[in-house]
Amino acid sequence: MLMRSLLKKSLLTIALLMLVVSPRIATAQNVQNIVAVVNDQVISGYDLRQRIALTIALSDFPDTEETRKQLVNPTIARLIDDALKIQEAERFNVTVGDEEVLKAIEYLERNNNMAPGQIARMLEENNIDIATLMAQIRANLTWNRLIEGRILPRIIVSDEEVAAVQARLENNKGKTEYLMSEIYIPVENAANEDQVRNGVANLIGQIRAGAPFPRVAAQISQGSTAASGGVVGWVLASEVEPEIGAALSRLRPGEVSDPIRGASGYFIIMVEQTRTILDNNPDDIALDLTQIIVPPPSGNGDAATQEKLALTVSNVIEGCSDLPPLLTELNSRDSGQIGRLRLGDLPDHIRELVKDLQPGEASEPYKDSDLYRIFVVCGRNDPQSRSNDPEEIRREIMLRRAENRARGYLQDIHNAATIEPR
């Protein structure tokens, strides 16, 4: 009931916003200015300007005339792609309702640490029609649904393929894998290569200046990964184009590459994380530890009472938020945060106590001379390693194959379409 109520409220907010914003922006002159026709569907100058404004707002680009000029060509390409995706989905009666679009907007806010309704307010402040964002999200959701219905069911991954990947992983044991994200801008003809390269270099400058890579990828990239914020997934340097593989090995997590010329266009790549194939050293687990010391009894207390208190303290802890009042109540001056420690650097007896604990869990009391120590894990960072789990491998093969087929599917739609740039 609460979700339904919030959804109705969101719909009302958006409806009101459309009434306020749309008439203020749309005029007969800028709507009639046609920039492209896609199978008889018009993309207007208004559509283009609105999408460029949306890209600038969501990507934190500087709102300058130069930025807008640089965004014209990639934005037209994205609008054409969106029109083709929707048209193809309609052929197979695949649709996405407003409620799903609104949920995607809410997810976008949560994923970017925004307050509820912040996107709607941002659009209003920048004179952007909410329908522009909804159209973009609808195209992505509709295309994903079309792929799920028409491509994924036809992909069969055999046991032999899985076994081949497992063998490859064994052969590559100890090598580094990269969690890679990309922005892809095609070069459609040699005449505009300099223009494309300059635009890509400008994008890199904007990202390095603080524009969020996932938002830029979602708005600008013309690759199949745009809908996921550019995330490609885990790759070996040998699994991608040689130019990209060479760049991967030079990038540290969070770094963005220079322009990379691939076979059909330019790439910008970023390494999110790295991991080692089938090589997981548990000693490299890092734990944020807090220590609670139950002091020896005073006065009429005895050892049994102290042990019972230690067990009680260990059992009542349900999370690290319980610790401040508990430490105050115990009034043990030596209790408190220890900090982040590597599991392999801890004494053997403490390592055994904490090695399997998850964040928020407390160890059993450990008696040290005349007092008891309890260790609470308030953070845990396990080293990444590539698994050879067959089901995980099967999913990865299926998703990568689906992405490749989706890219080819969209290209086929392009080739069959009548597209008239104006």
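## Cores, sheet and salt bridges of a predicted model

Of the 53 residues in the largest nonpolar core, Trp143, Ile183, Phe213, Val216 and Ile268 are the ones that touch the most other members. Here a nonpolar core is a set of buried Ala, Val, Leu, Ile, Met, Phe, Trp, Tyr and Cys residues joined through side-chain atoms within 4.5 Å. The model is predicted, with local features needing pLDDT of at least 70 and side-chain atom pairs counting only at pLDDT 80 or more, while totals for chains, interfaces and linings use all residues. Residues are numbered from 1 along each chain as its sequence is written, and side-chain values use heavy atoms, with hydrogens and water left out.

Of its 422 residues, 43% count as buried; buried means under 20% relative accessible area, exposed over 50%, and partly exposed in between (1.4 Å probe, protein chains only). The chain exposes about 22,600 Å², and carbon and sulfur atoms supply 49% of that area (Shrake-Rupley method with a 1.4 Å probe; for residues, only the protein chains shown count as cover). The chain holds 15 helices and 12 strands, which are DSSP runs numbered from the N terminus (helices: H or I, at least four residues; strands: E, at least two). Among contacts (heavy atoms within 4.5 Å) between residues at least 6 apart in sequence, 75% join residues at least 24 apart.

Tryptophan 143, already met in the largest core, touches Lys85, Ala406, Tyr409, Leu410 and Ile413, leaving aside residues up to four places away in sequence. Asparagine 140 belongs to helix α7 (residues 130–150) and is buried, with a relative accessible area of 15%. With residues up to four places away in sequence not counted, asparagine 140 touches Arg78, Lys85 and Ala227. The C-alpha atoms of asparagine 140 and valine 101 are separated by 9.8 Å, and the two residues are 39 apart along the chain. Serine 59, in helix α3 (residues 45–59), counts as buried because its relative accessibility is 0%. Its contacts are Ala211, Pro212, Arg215, Val216 and Gln219, again not counting residues up to four places away in sequence.

Strand β1 (residues 34–38) is joined to strand β2 (residues 41–44) by 4 bridges. Alanine 36 has isoleucine 43 in β2 as its bridge partner. The hairpin of β1 and β2 has 2 residues between the strands, and asparagine 39 takes a positive phi near 50° there. On the β12 side, β1 and β12 pair in the antiparallel sense over 3 bridges, with valine 37 standing opposite glutamate 420 in β12.

A search of the whole structure finds 20 salt bridges, each a side-chain nitrogen of Lys or Arg within 4 Å of a carboxyl oxygen of Asp or Glu. In one of them, glutamate 193 meets arginine 261 at 2.9 Å, N to O. This pair links distant parts of the chain, 68 residues apart: glutamate 193 is in helix α9 (residues 193–208) and arginine 261 in strand β5 (residues 260–261). Arginine 261 counts as partly exposed because its relative accessibility is 31%. Aspartate 258 forms a salt bridge with arginine 208, their closest N and O atoms being 3.0 Å apart. Aspartate 258 lies in the loop between α11 (242–248) and β5, and arginine 208 in helix α9, so the pair ties together parts that are 50 residues apart in sequence. In another bridge, the side chains of aspartate 356 and lysine 355 meet at 3.0 Å, N to O. Aspartate 356 is exposed, with a relative accessible area of 56%, whereas lysine 355 is partly exposed at 26%. Finally, Asp159, Glu391 and Arg394 are linked in a network of salt bridges.

Note on methods. Two strands pair if DSSP finds at least two bridges between them.
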